[in-house]
Amino acid sequence: FFSDYHNLALFIILLSAFIVRIYYFFYTLDQPLWWDESQYAEEAKRLGLGLETNEIWYYRRTLFLPLFWSLFFKIGLGEAALRFSEVIFSLLLVYFTYLLAKELFDKNVALIAAVGISFSRIILFETTRLLNSVPAAALMVLAAYYFYKGYLKENNTKYIYLFGLFAGLAMSVRFATFLALISFGFLYFLREKGKIWKNKHMIGAFLLMLVVLSPFFFLYQKHYPG
């Protein structure tokens, strides 16, 4: 595996990225939560521990991340585990960026992109907070990888539906990531020469996004009718 210097370089980048993130993980572990962070953590704890408290969740926010974090509380883990999950998502963002850049360009460009994400001040800052930016970015970059590899490059049905799944999950973590669909939709429109109903698998992928997002739409409509 390491006979290819690209693989060795990728391993060193990922290891370095992990070390930096672990350093900031312990450095900020005991810091108090911001208001937005506390909203996610409170809802995760309420769902995970079945607390009978007044619900303060703001349903204009997607619920998938606190629902995911609630599983940590169900198995007896606490806030530190939630913070460590941000480290894992951040590390995955580095790797998924490498995968996408490798498909779009080549391995050398992919390594440069991975280094940029590894040591980005904004990414490192967001990694130390219980917020949805980093998890959503990781999922949407993976969706972009499957979109390019499965649709634009190989016409691989499985990858096309994985694109729909992970794009839907990314929007379920942070709905603002739907802006990425503008780019995907534009490329799809150009590829199909305006015949947007021609590719049934891509239509299926977009419908899959709606299915994944349906709990958010339901809860939003329930709490904010009209």
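Mentor: The discussion below takes helix packing, the nonpolar core and then selected residues in turn.

Trainee: What should I know about the model before we start?

Mentor: This is a predicted model, in which local features need pLDDT of at least 70 and side-chain atom pairs count only at pLDDT 80 or more, while totals for chains, interfaces and linings use all residues. Residues are numbered from 1 along each chain as its sequence is written, and side-chain values use heavy atoms, with hydrogens and water left out.

Trainee: At what angle do helix 1 and helix 4 pack?

Mentor: Helix 1 (residues 5–27) and helix 4 pack at about 155 degrees, and their axes are 10 Å apart. Helices here are DSSP runs (H or I, at least four residues), numbered from the N terminus. The axes are lines fitted to C-alpha atoms over the stretch in contact, and angles run from 0 to 180 degrees between N-to-C directions.

Trainee: Which orientation follows from that?

Mentor: Helix 1 and helix 4 are therefore roughly antiparallel. Angles under 35 degrees count as roughly parallel, over 145 as roughly antiparallel, 65 to 115 as roughly perpendicular and the rest as oblique. The crossing of helix 1 and helix 4 is right-handed, a term for the near helix being turned clockwise from the far one by less than a right angle.

Trainee: Which residues make the contact?

Mentor: Helix 1 contributes Leu10, Ile13, Leu14, Ala17, Phe18, Arg21, Ile22 and Phe25, and helix 4 contributes Ala80, Arg83, Phe84, Val87, Ser90, Leu91, Val94, Tyr95 and Tyr98. Contact means heavy atoms within 4.5 Å. By class, the contact of helix 1 with helix 4 has 14 nonpolar, 1 polar and 2 charged residues. In that scheme Ala, Val, Leu, Ile, Met, Phe, Trp, Tyr, Cys and Pro count as nonpolar, Asp, Glu, Lys and Arg as charged, and the others, Gly among them, as polar.

Trainee: And how do the axes of helix 2 and helix 3 cross?

Mentor: Helix 2 (residues 35–49) and helix 3 (residues 64–74) have axes that come within 7 Å and cross at roughly 55 degrees. That angle makes helix 2 oblique to helix 3. Their crossing is right-handed. From helix 2, residues including Tyr40, Ala44 and Leu47 take part, meeting residues of helix 3 that include Pro66, Trp69 and Phe73. By class, this contact of helix 2 with helix 3 has 9 nonpolar, 2 polar and 3 charged residues.

Trainee: Turning to the core, which residues touch the most other members?

Mentor: In the largest nonpolar core, which has 59 residues, they are Trp69, Tyr98, Met140, Tyr146, Phe163, Phe166 and Met202. Helix 7 (residues 133–153) gives the most to this core, with 12 residues. A nonpolar core is a set of buried Ala, Val, Leu, Ile, Met, Phe, Trp, Tyr and Cys residues joined through side-chain atoms within 4.5 Å. Buried means under 20% relative accessible area, exposed over 50%, and partly exposed in between (1.4 Å probe, protein chains only).

Trainee: What does Trp69 contact?

Mentor: Beyond neighbours within four places in sequence, Trp69 is in contact with Tyr40, Ala44, Leu82, Ser85, Glu86, Leu130 and Leu131.

Trainee: Is Glu103 buried or exposed?

Mentor: Glu103, in helix 4, is buried, because its relative accessible area is 11%. Not counting residues up to four places away in sequence, Glu103 touches Tyr145, Tyr148, Lys149 and Lys153.

Trainee: And Tyr188, buried or exposed?

Mentor: Tyr188 lies in helix 9 and counts as buried, at 4% relative accessibility. Leaving aside neighbours within four places in sequence, its contacts include Phe147, Tyr151, Trp197, Met202 and Phe206.

Trainee: A last topic: what is phi at Lys193?

Mentor: Phi of Lys193 is near 55 degrees, a positive value in a residue other than glycine. Most residues other than glycine have a negative phi. Lys193 lies in the loop between helix 9 (180–191) and helix 10 (200–223), and is exposed, with a relative accessible area of 74%. Asn155, in the loop between helix 7 and helix 8 (157–173), likewise has phi near 55 degrees.

How values were computed. Helix = DSSP H or I, 4+ residues; strand = E, 2+ residues; numbered from the N terminus.
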